[in-house]
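Open your viewer and keep the selection tool handy. We will begin with the whole chain and then visit a few places along it.

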Amino acid sequence: MIKQAQGIVGVDTDGDAGPQTWKAIYKRIIGHDATTNDLDTIIRAVQKAVHVFVDGDAGSQTWTAILANLTANPANTNPTPVATGDADTQKVDERSERNISTLQPQVQPLARMLVNRAAAAGITIKVISALRTYAEQDELFAQGRTKPGRIVTNARAGFSNHNFGLAFDIGIFEGTDYIEESPRYKTVGGIGKAIGLSWGGDWISIQDEPHFELRPGWASDLSETAMLAVLRERKESGESFFA
Ligand SMILES: [Zn+2]
């Protein structure tokens, strides 16, 4: 079983699961490189993602679940971004870069890639909003309720992915003109999904075409509400959002 899994993730099929194997499995199942070298943490994250008992000790149950995941889901629900060329990693405009710098390190290259790939498709986008602190979110929530203005959000502090640096909003621009509505938002949505981002235009309740977010691998089966609850806990305890 180990050899089979190794074959699928493209490492030496020696039947001996060391760091190289686990990192490749982690990347394939969770959707991005492990941010730690600690094998125990990596194994536990994979066990959590494939829904087996999390003990850091991979037995036949774990390997069966890993294989099932790898074979049932070759493309993965949280795909690894396609290998990045220079064009993808190029710095973008100043405004976008300023906002991108507030995002989690795992999200930053994807935001940059989205801007670059949209540009390659002839669409100028900028990242116009990214991290919102709890205080900023509360301020926004108050608008139209206890403060003047129209209601712009239903999310209190801790109830938006923007509060965790996982989400960002883009705007389409023609020269310096911000284009609020355009069918091109859908095109950009497709580009974002192809590189592993979730797109707000796919939401069923309130569609939010300018919105993109990176869902951690462990959240792939969770509702937005359930994911946010875990994120609030992790923020409180200072835990990584991705491990
Ligand atoms: Zn948003």
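You are looking at a predicted model, in which local features need pLDDT of at least 70 and side-chain atom pairs count only at pLDDT 80 or more, while totals for chains, interfaces and linings use all residues. Residues are numbered from 1 along each chain as its sequence is written.

**The whole chain**

Colour the protein chain by confidence: the average pLDDT is 89, and 95% of the residues score at least 70. Now select residues 73-77, where the pLDDT is below 50. Apart from near neighbours in sequence, this stretch has three contacts in the model; two residues are in contact if their C-beta atoms, placed from the backbone, lie within 7 Å.

Turn the model around, and the C-alpha trace spans about 60 × 40 × 30 Å along its principal axes.

How much of the chain is buried? The share is 32% of the 243 residues. A residue is buried if 20 or more other C-beta atoms lie within 10 Å of its own, exposed if 12 or fewer, and partly exposed in between, with C-beta atoms placed from the backbone. Of the contacts between residues at least 6 apart in sequence, 55% join residues at least 24 apart.

**Stop one: α2 and α3**

Two packed helices are described by the angle between their axes and the distance between the axes. Select residues 19-30 for α2 and residues 39-49 for α3: these helices pack at an angle of about 35°, with their axes 10 Å apart. Axes are lines fitted to C-alpha atoms, for helices over the stretch in contact, and angles run from 0 to 180 degrees between N-to-C directions.

Show the side chains next. On α2 the contact is made by P19, W22, K23, I25, Y26, I29 and I30, and on α3 by L39, I42, I43, A45, V46 and A49. Together they divide into twelve nonpolar, no polar and one charged. In this count Ala, Val, Leu, Ile, Met, Phe, Trp, Tyr, Cys and Pro are nonpolar, Asp, Glu, Lys and Arg are charged, and the others, Gly among them, are polar.

Stay on α3, where I42, I43, A45, V46, Q47 and A49 are buried. Centre on V46, which counts as buried because it has 25 C-beta neighbours inside 10 Å. Leaving out residues up to four places away in sequence, V46 touches I25, Y26, I29 and I66. Just after α3, look for H51, with a positive phi of about 65°.

**Stop two: V9**

Move to V9 in helix α1 (residues 2-9). V9 counts as partly exposed, with 19 C-beta neighbours inside 10 Å. Beyond residues up to four places away in sequence, its contacts are A24, I25, R28 and L70.

**Stop three: G59**

Select G59 in the loop between α3 and α4 (60-72). Is G59 buried or exposed? G59 is exposed, with 10 other C-beta atoms within 10 Å. Draw a distance to D138, and the C-alpha atoms are 46 Å apart.

**Last stop: N116**

Finish at N116 in helix α7 (residues 108-120). N116 is buried, with 21 other C-beta atoms within 10 Å.

Key:
pLDDT is the predictor's confidence in each residue, from 0 to 100. Helices (H or I, at least four residues) and strands (E, at least two) are DSSP runs, numbered from the N terminus.
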